[in-house]
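Hello,

Here is the structure you were going to look at. My notes on it follow below.

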Amino acid sequence: MAGSSSKIAIYGAIGANIAIAISKFVAAFFTGSSAMLSEGIHSLVDSGNGLLILYGVKQAEKPADARHPFGRSKELYFWALIVAVLVFSIGGGMSFYEGIEHLKHPAPITDPTWNYWVLGLSLLFEGTSFFLAFREFNKSRGDAGFWNTLSRSKDPSVFAILMEDSAALLGLVLALLGVYFGHRLNNPYLDGAASICIGVLLVSVAIFLIYKTKGLLIGEGVDEETLASIDTIARAEASVESIRPPLTSYLGPADVVLALDVQFKRNLTAVQVEEAIDRLQDAIRAQHPEFKRIFVEAKSLSGRGRDTATTTTPAQLRA
């Protein structure tokens, strides 16, 4: 779950986007720039998205209760999906529409000075917000590559903000190019084209976010490397005879359910099986603390050739 440092990155993104949106709308009003209006819409949508992500983080932190026995960690994934839909429909759709309208009814930019000042300040604020998000992203990155870490990340409070800030920075560059060349070449169509490019950029980011959050909402499991690690840990337990492929599902960025079907060695007593299960759970949590709940379906062959099955459920607690 997102910690206080992740929340700081979200707060920074919200504050920066609100200030930037206001300044962009003011500049668009005085200059008539379509790209600047699109950027204002983009920043306003980003502000609302940051609030939704923050709300999702707070909801996900609520403890388990009778109606939500596994907690509410997936609230974060739900609100991240809503954010992705808003980026697609409002951010991308409105920017694309505004660009098309500007191509149909081009209006030359009279004085780009407002735009340059706002875009310059926006680059500074967005760069700061991006730095905060990228710093949080790097904490879980290790030696892995950027794209590999991004594809494996399960925390929308980090990767959604990072992707939005990346799109914002690139969108600002596109808006700057549209304003500069549109004014320098006296070609208002370039401003509209920049707005369309910004719309395409936002739609692309939204599709990526939808793809990521969809998998997490429907019950995505851990990667193959982690599954192999669990299998190795289980087989290292002296009492284990065999193990079926582990079943896992993300409830939250750091909250994963693990179900194991384990065949223990012959002639183990019920007490010995319980002790082996405790050792197995402790060993798994030591290397993979994200497994907050571990369920073991244990079977031990008795000397009489009869299976004795026990099921254990973890104390959600001992981690």
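Tyr55 is partly exposed because its relative accessibility is 39%; the classes used here are buried for under 20% relative accessible area, exposed for over 50%, and partly exposed in between, with a 1.4 Å probe and protein chains only. Before going further: this is a predicted model, in which local features need pLDDT of at least 70 and side-chain atom pairs count only at pLDDT 80 or more, while totals for chains, interfaces and linings use all residues. Residues are numbered from 1 along each chain as its sequence is written, and side-chain values use heavy atoms, with hydrogens and water left out.

Aromatic rings

Rings of Phe, Tyr and Trp (the six-membered ring of Trp) pair if their centres lie within 6.5 Å; planes under 30 degrees apart are stacked, over 60 edge-to-face, and the rest tilted. The count by this rule is four aromatic pairs. One of them is Tyr55 with Trp79, edge-to-face, at 5.2 Å centre to centre and 85° between the planes. Tyr55 lies in helix H2 and Trp79 in helix H3 (residues 75-104), so this pair ties together parts that are 24 residues apart in sequence. Another edge-to-face pair is Tyr180 with Phe181, at 5.1 Å centre to centre and 80° between the planes. Tyr180 is partly exposed at 34%, and Phe181 is partly exposed at 36%. Tyr55, Phe78 and Trp79 make up one aromatic cluster.

A ring also takes part in a contact with a charge: the charged end of Lys212 sits over the ring of Phe159, 5.0 Å from the ring centre. The rule for this is NZ of Lys or CZ of Arg within 6 Å of the ring centre and within 35 degrees of the ring normal.

Salt bridges

Side chains of opposite charge can pair when their charged atoms come close. Searching the whole structure gives six salt bridges, each being a side-chain nitrogen of Lys or Arg within 4 Å of a carboxyl oxygen of Asp or Glu. Among them:

- Glu75 with Arg72, at 2.6 Å from N to O. Glu75 counts as buried because its relative accessibility is 18%.
- Arg279 with Glu237, the closest N and O atoms being 2.8 Å apart. Arg279 lies in helix H9 (residues 270-287) and Glu237 in the loop between helix H8 (224-236) and strand E1 (240-243), so the pair ties together parts that are 42 residues apart in sequence. Arg279 is partly exposed at 40%, whereas Glu237 is buried at 11%.
- Arg293 with Asp255, at 2.7 Å from N to O. Arg293 lies in strand E4 (residues 291-301) and Asp255 in strand E3, so this pair ties together parts that are 38 residues apart in sequence. Arg293 is buried at 5%, and Asp255 is buried at 8%.

Strands E2 and E3

Strand E2 (residues 247-252) is mostly covered, with five of its six residues buried. E2 and strand E3 (residues 255-264) run antiparallel and are joined by five bridges; two strands pair if DSSP finds at least two bridges between them. Tyr250 has Val256 in E3 as its bridge partner. The link between E2 and E3 is a hairpin of two residues.

Ile20 is in helix H1 (residues 4-31) and is buried, at 1% relative accessibility. Leaving out residues up to four places away in sequence, Ile20 touches Ser43, Ser122, Phe125 and Glu126, where contact means heavy atoms within 4.5 Å. Ile20 and Glu126 are 106 residues apart in sequence, yet 8.5 Å apart in space, C-alpha to C-alpha.

Ser47 belongs to helix H2 (residues 34-60) and counts as buried because its relative accessibility is 5%.

The chain as a whole

The chain has nine helices and five strands, in the order α-α-α-α-α-α-α-α-β-β-β-α-β-β from the N terminus. Of its 319 residues, 45% count as buried. Among contacts with a separation of 6 or more, 74% are between residues 24 or more positions apart.

Regards

Definitions and conventions. Helices (H or I, at least four residues) and strands (E, at least two) are DSSP runs, numbered from the N terminus.
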